[in-house]
Amino acid sequence: MSQTSPSSTHNLRADGARLWATIHETARFGGTPKGGINRLTLSAEDGQVRDWFREACEAAGLTVGVDALGTQYALRPGQDMSLPPVAFGSHLDTQPTGGKFDGVLGVLAGLEVMRTLNDAGIGTRAPLLLVNWTNEEGSRFAPAMMASAAYAGDFTTDEILAKRDAAGTTVAEALDAIGYRGGEAVGERAIGAFVELHIEQGPILEAEGKTIGVVEGGQGIAWFDGRIEGFESHAGTTPMPRRRDALLGLSEFALAVERIALAHGPSAVATIGEATILAPSRNVVPGQVAFTLDMRDPRSATLDAMEAELREAAAEIGGRRRMTLALSRIWRKEPVPFDAGVVAAVEAAAEGLGLSRRRIVSGAGHDACNLAGRVPTAMIFVPCKDGVSHNESESATQGDCAAGADVLLQTVLRLAG
Ligand code: HGY
Ligand code: MN
Ligand code: MN
């Protein structure tokens, strides 16, 4: 392999058609009739795409390792193996109504970078490391981005292994079920810098006609589990004024969540994404409701203020309706700035490629937001149609995916020497 030199790599481009074909080839694992992907973390479908990923990496000459939480690391040697690898990647798990690009683009564009360097016979000074992080989505097991959070030291491996899904299955059992409970200790892998390519999952780049988002950081996130205790009673004989209907308590609280987020707008957002009547019955007034709350803003103080106002609203509604509304916070991710040097490398790469671009803060959480706490990290965004994501209609163009892969390639070459 020849040494990288500016001339030999400046004109190097990813193979956009190959990347596009790879994205669509893997979409069959958990593919849905509507053209989306339902590939929950550590499901059988996730196991299938992981097997595919390992084989594709090995076919590209990479050495693939797996850690105790199932994260896959594919290593490409560099001339100086004493240097920590330049890492890039994202996640292959999806939401239940996921699309073809969320997470997938970052992993498969990383594979495209490896394939492109192989085809050109180009070596790098530092090793390269392509990563598929376990459970970025946080849909089946909470919190989101859990494996990269463990890598960053925010959780112990045992804490994560003990997390349970709605059916009571632990992360450990789910890993064993698909054979991805690896031998490496989490956090053992040296990483010198991390770059993640991802669709924006928002409307800004498309609205402004920009191809590349140079991501400066991620906003703060707080997740809560909610529980409302009213009183079950007969649907036919309980007069309306005497009811302690937990579903009506949730309904009022949901409108309070919307009011509070709007009051702190435009950046503040809050979502009740799951709600369940426990022991439901058509002719029983709901007595117990469980729900989840996802709250975000780029400002930490705003997250604090919103939480205080939500708790006040819960107490007021509960007092008036003679029920308890309990909110327990299960996760708080502070707003995180990315590394100025890596951000500059992304910006220089996009400029060198003559791509339209703008600086942007990520509204979505990403594994990069956890890595940023431990290694120099930044992200690259490309547009997605109408800014839609976490929806089976999620869509991006081949040209934008290829442009994102080219920015990833040039950024990695800048960082790896
Ligand atoms: O929730 C998030 O922001 C990420 O898409 N899992
Ligand atoms: Mn994602
Ligand atoms: Mn997602």
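Reply:
**The interface between the domains**

About 1000 Å² of area is buried between domain 1 and domain 2, and carbon and sulfur atoms give 62% of it; buried area is the accessible area (1.4 Å probe) that two parts lose on being put together, summed over both. By class, the side of domain 1 that touches domain 2 has 8 nonpolar, 5 polar and 2 charged residues, where Ala, Val, Leu, Ile, Met, Phe, Trp, Tyr, Cys and Pro count as nonpolar, Asp, Glu, Lys and Arg as charged, and the others, Gly among them, as polar.

This is a predicted model, in which local features need pLDDT of at least 70 and side-chain atom pairs pLDDT 80 or more, while totals for chains, interfaces and linings use all residues. Residues are numbered from 1 along each chain as its sequence is written, chains are lettered from A and ligands numbered from 1 in the order in which they are written, and side-chain values use heavy atoms, without hydrogens and water.

The domain assignment, automatic or from a database, places 16–219 + 335–416 in domain 1 and 221–333 in domain 2. Their centres, taken over C-alpha atoms, lie 33 Å apart. To the contact (heavy atoms within 4.5 Å), domain 1 contributes 15 residues and domain 2 contributes 12 residues.

Across this interface there are 0 salt bridges, a salt bridge being a side-chain nitrogen of Lys or Arg within 4 Å of a carboxyl oxygen of Asp or Glu.
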